[in-house]
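Here's a quick briefing to read with the 3D view open. Take a look at the model first, then work through the points below.

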Amino acid sequence: MAAVPVPVEESEHRSGPLLDHLARRMRLRSESVLAPLGLRPRHLVALTVLRDSDGISQQGLAGTLQIDGTNVVGLLNDLEAEGLVERRRSPEDRRRHVVSLTGAGTKRLREAECALAAAEEEVLGALEPAERDTLYELLRRATSGRPVNCAEAAVDEPDTAC
């Protein structure tokens, strides 16, 4: 038996396509400003985590980034070849590697963040600063772990479900 589609109120105000379009524009612009710095978005995320953690095990980095250990090795190989990170044996456990940002890595991360700020300015240029703050806050709240579908919402908040 085929599933019966749930009736959806027709509306011209669906956010999904607009968010997808905005994300695509931001992603393309971000990639284009990171490329001259020799970085890809995944490199930027790893550098940011390393800056914020002040040294982390390779395994801890893989867990934080939610990527396979093999993939984190490849990512770190890229960054280490550029002199942006260094891996050292942990003094507490010689089987572990501790990864940290180098001075060059800190500098490149700052350059990348400045380039990304300019890209964001370009993409979100139609919004006033207060509107950007509101957009950021709304997006932060929307991604904070609320139910992702109508069935989950019905369990959590039956009176307000789709």
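Predicted model: local features only at pLDDT ≥ 70, side-chain atom pairs only at ≥ 80, totals over all residues.

Residues are numbered from 1 along each chain as its sequence is written, and side-chain values use heavy atoms, with hydrogens and water left out.

**The whole protein**

- The protein has seven helices and three strands; helices (H or I, at least four residues) and strands (E, at least two) are DSSP runs, numbered from the N terminus.
- Reading from the N terminus, the order of elements is α-α-β-α-α-β-β-α-α-α.
- Of the 162 residues in the protein, 25% are buried; buried means under 20% relative accessible area, exposed means over 50%, and partly exposed is in between (1.4 Å probe, protein chains only).
- Take the contacts between residues at least 6 apart in sequence: 47% of them join residues at least 24 apart. Contact here means heavy atoms within 4.5 Å.

**Helix α2 on its own**

- Helix α2 covers residues 41-53.
- With 13 residues, α2 reaches 18 Å from its first C-alpha to its last, close to the 18 Å expected at 1.5 Å a residue. That expected span is 1.5 Å times one less than the number of residues.
- Which residues of α2 are buried? They are His43, Leu44, Ala46, Leu47, Val49 and Leu50.
- A handy rule for reading such a list: an α-helix has 3.6 residues a turn, so residues three or four places apart point the same way.
- Just after α2, Asp54 takes a positive phi of about 55 degrees.

**α2 against α3**

- α2 and helix α3 (residues 58-65) pack at an angle of about 120 degrees, and their axes are 11 Å apart. Axes are lines fitted to C-alpha atoms, for helices over the stretch in contact, and angles run from 0 to 180 degrees between N-to-C directions.
- The two helices α2 and α3 are therefore oblique to each other. For the labels, angles under 35 degrees count as roughly parallel, over 145 as roughly antiparallel, 65 to 115 as roughly perpendicular, and the rest as oblique.
- α2 passes α3 in a right-handed crossing. A crossing is right-handed if the near helix is turned clockwise from the far one by less than a right angle, and left-handed if anticlockwise.
- On the α2 side, Val45, Ala46, Val49 and Leu50 meet Leu61, Thr64 and Leu65 in α3.
- This contact of α2 with α3 splits into six nonpolar residues, one polar and no charged. Ala, Val, Leu, Ile, Met, Phe, Trp, Tyr, Cys and Pro count as nonpolar, Asp, Glu, Lys and Arg as charged, and the others, Gly among them, as polar.

**α2 against α5**

- α2 and α5 pack at an angle of about 120 degrees, with axes 10 Å apart.
- That pair, α2 and α5, is therefore oblique too, and α2 passes α5 in a left-handed crossing.
- Leu44, Leu47, Thr48 and Arg51 in α2 meet Leu109, Ala112, Glu113 and Leu116 in α5.
- The residues of this α2 and α5 contact divide into five nonpolar, one polar and two charged.

**α2 against α4**

- The axes of α2 and helix α4 (residues 69-81) come within 11 Å and cross at roughly 85 degrees.
- That makes α2 roughly perpendicular to α4.
- Arg42, His43, Ala46 and Leu47 in α2 meet Leu75, Asp78 and Leu79 in α4.
- Here the contact of α2 with α4 has four nonpolar residues, one polar and two charged.

- Is Thr102 buried or exposed? Thr102 is buried, with a relative accessible area of 17%.
- Thr102 sits in the loop between β3 (97-101) and α5 (103-123).
- The C-alpha atoms of Thr102 and Val85 are separated by 5.1 Å, although the two are 17 residues apart along the chain.
- Glu86 is in strand β2 (residues 85-89) and is partly exposed, at 34% relative accessible area.
- Leaving out residues up to four places away in sequence, Glu86 touches Glu80, Val98, Val99, Ser100 and Thr102.
- Gln66, in the loop between α3 and α4, is exposed at 72% relative accessibility.
- Gln66 has a positive phi of about 55 degrees although it is not a glycine. Most residues other than glycine have a negative phi.
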